[in-house]
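Dear colleague,

I am handing over the structure we spoke of, and I would be glad if you could look through it with the notes that come after it.

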Amino acid sequence: MNTVNEQVVLKWPESLYSEFERKPGEEKRATHYCPGCSHGVIHKLIAEAMDDFGIRDRTIFVSPVGCSVFGYYYFDCGNFQAAHGRAPAVATGAKRSRPDSIVISYQGDGDLAAIGTNNILHAANRGENITVFFVNNAIYGMTGGQMAPTTLEGQKTSTSPTGRDTSLTGKPLHMSELLATLDAPVYIERVAITDAKHILAARKAVRKALQTQIDRKGFTFVEILSTCPVGWKMDPQEAKGWLEENMMKVFPLGVFKDQVKETEPLPVPVTPIPAEEVPEILFKGMSAFERTGEPDWGDVPERYREPKIKVAGFGGQGILFLGALLSNVALRKNFHVTWLPAYGPESRGGTANCNVVISTRPVAAPLITEPEVVMAFNGPSMDRFEPLVEPGGVLMYNSSLVSQEPVRDDIENVAVPATGLAVELGDGKVANLIMLGAYLSHTGMFTEEDVNEALNAVIKYKEMLELDRKAVARGFQYIRESQ
Amino acid sequence: MSSTPDTKDPVIVGPDVIIDPEMCKGCNLCTYVCPTGVLLISESLNHLGFHPAEYTGEGCTGCGVCFYACPEPGAITVYKPPRKPKKQKEEV
Amino acid sequence: MPVRFVKGNEAILQGAILAGCRAFYGYPITPSSEIAESAARLMPAIGGVFLQSESEIGAIQMVYGASGAGLRVLTASSSPGISLKLEGISYLVGSRIPAVIVNIMRGGPGLGNIAPAQGDYFQMVKGGGHGDYRLIALAPNSPQEMCDLTMLAFDLADKYMNPAAIMADGFTGQMMEAVEFPDPVTDLPNKPWSVQGNAETAGNLINSIYLDPEELEDRVRKLFEVYAVIEKEEVRSEEFYTDDAELITVGYGIVSRLLLSAVEIARADGLKVGLIRPITLWPFPSVRLGELARGTKKFLVSEMSTGQMVEDVRLAVNGRVPVDFYGRWGGVVPSVEELRKAIYEAYPEGETS
């Protein structure tokens, strides 16, 4: 047997472009990073892993704001450039859209630990199946050496010129330790780019994080202590020493969380259903009806036609439902209808009201300030809306709960002991339907059958239907008997 | 040793290291990590204006540490010592 | 065509889904939360994504990621939330990423209140975020249009590679009316520019950074060439009784409906009053307003603000005829009666009312 020895070559990774065409200027083979900067090393470690795992095509690399803002010059895969600190949110959107992709959020310390703290914390807490490489060099490199959230106590930067005073600016933020307190992340480790031992440990961590994402096990985070010789105003050798002597003391290396082995892969995401099948789900439980012709008021007296109705009471009286049911009845008779509730603070604190406009023509204004019909279910509603009824209009009031008599004599006042009648039927809650029946009976607008038809369509709980029908009937009957 | 690495060149057999002086920024990190001390900084300047690292030409063990320490993707190529294919190993 | 009786806010989400939107990222804020609530219910049911984000800022950046990955994506908020989203909106434009952003406008400035308002016109129509850009801004005035214009917004956003906004208010959001829902869109546009995490799109880049000023100038020039096409092709407005009008009222969203009621009362009294309702706030119907200015004596603009769109009307009319303004703000909605009075006061000839 022929024995051909295997020649392993450590070379330019294929997951980095062989020429940096996106990089401006003549120099297309050297990075834009300063001499001795750790970014290039980290790029190589990531790219090598992308090569070895065969994930280049499906990798989405999110570049941050900072020196690595131009990550897309280098990584030969799908690339996003994100706003400052937002890479984990961008990564979240991309990953959830393309669950089969491998999403890398590559961020520096200002980006991740200052302006983007909120985004990284929550992406980690949600356990997004992404990998975050956090390059911590204790300074803002790109903007010219300002203080970072990870700047060491006493460290001089352009915005801490006499050294970081932690009594004023807080202590260096320990992101790995912070994120390790969360349940969701499966793997968090802090490594450093210094000597051979540490670089190889970093390589291992990079590979483990990406493999964990490939295995769909959840959020992985590798903090990489890095040198910024130019920002630190040191030569690369000095910078290395400074990192080892100072940064490593403040930011101890190690694994802060590792639940990779015991974590089960995330479930395979559901694929969206075909568009054709969407309406069935979208409109499930929503009644639909066809317009059958033109609306016609028929024998309804002129003064009751084209009503602008205000229904008012307290929360729980079914005020909004009354309005919606009346709207449905009218719609089924081909009328144009708008229903508008009072919302927000007005709808809290116990009061509720809604506006219903029914017309043979498309309704312009849905908001009623001068109602032609008011249904008042309690005293406060009566106080508030009785004065607003248009002269010649109708005031229906729940005489079981409204103790005062109407003061207006230029409108029709119709007392309906709706709550009392409802209690007689066995449930005070159907007072709204009794009032609706009474109103329709009084005005002759629609019949009991019209209401029942709408009830059949809109009531989801069929066991309620019988009582509802009885209540409507009782309302109609009450008016017939009292006239 | 050729100054333009052709990693596909079948002639090169490790252990060996090839440094492209035109891609080097002279940061010295490779010379610092090299366990055998066979890398140094050149007296000459490259087109970027740096004194690039260079290989003395002897003593590389192909350990690869300089490759990983180098921040530039193309400056250093390392040929590891040839090893027998895995299949062979299993058979042995 | 069957009709369904639905709330405006729900119609937005239903329209979005019919338009092929399969992802919603948002943060709760009154009065837009119902859109997120509908999405929370419906998106998972159709195999789409719903995510309540950590912040408005996070939500819009998730939109950036999801739309950049090739999906039709929706987010919805209300005025203070939109302020926070402006960062992301600027990035969406800068990276030429489509998205649909709903603003259910409320009273401001500051925390203001949750009542209906239109004080975000400048913010939405004139930019708001940093840099040179426009948002396609659509102003529905009914649940039907909440559906239809949301669907249109997705088409326009994809066609022109620019985010589009729905500018509505709490009334249009809370109101229920009959809506005829169109059939779902089955042929979504291909997005070869997107980053989908596959071999076909591995060479793509979603990016808004252009360090070379001339390169950025060129990029923005191209953007505004697209905007010129939008201004030519996509202006939408609706008119009532403008043919012989001596006074033409102008209002958008819910105000247009209140104005129409007031105009009809005035017409019944013999006043020659009309209404033009911009449906697209950007592109603005400037050309049409200029034409109308040649045949009418006066305009009356009404907004639920201290007067923002009125500036665009004045630019369009360009001094040919006077442009009056009647506004309520802080969440106060003008009544039909006060708009009628404003019409009578503004009416060019003589004493009325």
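This is a predicted model: local features need pLDDT of at least 70, side-chain atom pairs count only at pLDDT 80 or more; totals for chains, interfaces and linings use all residues.

Of the 2 pairs of chains that touch, the one with the most contacts is that of chains A and C, whereas chain B and chain C do not touch, their nearest C-alpha atoms lying 19 Å apart.

The contact between chains A and C draws 68 residues from chain A and 74 residues from chain C, and together the two chains bury about 5,800 Å², with 66% of that area on carbon and sulfur atoms. Across this interface the rule finds 3 salt bridges, and a salt bridge is also what joins the side chains of Arg86(A) and Glu87(C), at 3.0 Å from N to O.

Within chain C, the axes of helix 10 (residues 286-295) and helix 11 (residues 309-317) come within 8 Å and cross at roughly 60°, which means that helix 10 of chain C is oblique to helix 11 of chain C. The crossing of these two helices is right-handed. On the side of helix 10 of chain C, the residues that meet helix 11 are Ser286(C), Leu289(C), Gly290(C) and Ala293(C), and their partners in helix 11 of chain C are Val313(C), Ala316(C) and Val317(C). Sorted by class, this helix contact comprises 5 nonpolar and 2 polar residues, with no charged residues.

With best regards

Technical notes: Residues are numbered from 1 along each chain as its sequence is written. Chains are lettered from A and ligands numbered from 1 in the order in which they are written. Side-chain values use heavy atoms; hydrogens and water are left out. Axes are lines fitted to C-alpha atoms, for helices over the stretch in contact, and angles run from 0 to 180 degrees between N-to-C directions. Helices (H or I, at least four residues) and strands (E, at least two) are DSSP runs, numbered from the N terminus. Angles under 35 degrees count as roughly parallel, over 145 as roughly antiparallel, 65 to 115 as roughly perpendicular and the rest as oblique. A crossing is left-handed if the near helix is turned anticlockwise from the far one by less than a right angle, and right-handed if clockwise. Contact means heavy atoms within 4.5 Å. Ala, Val, Leu, Ile, Met, Phe, Trp, Tyr, Cys and Pro count as nonpolar, Asp, Glu, Lys and Arg as charged, and the others, Gly among them, as polar. Buried area is the accessible area (1.4 Å probe) that two parts lose on being put together, summed over both. A salt bridge is a side-chain nitrogen of Lys or Arg within 4 Å of a carboxyl oxygen of Asp or Glu.
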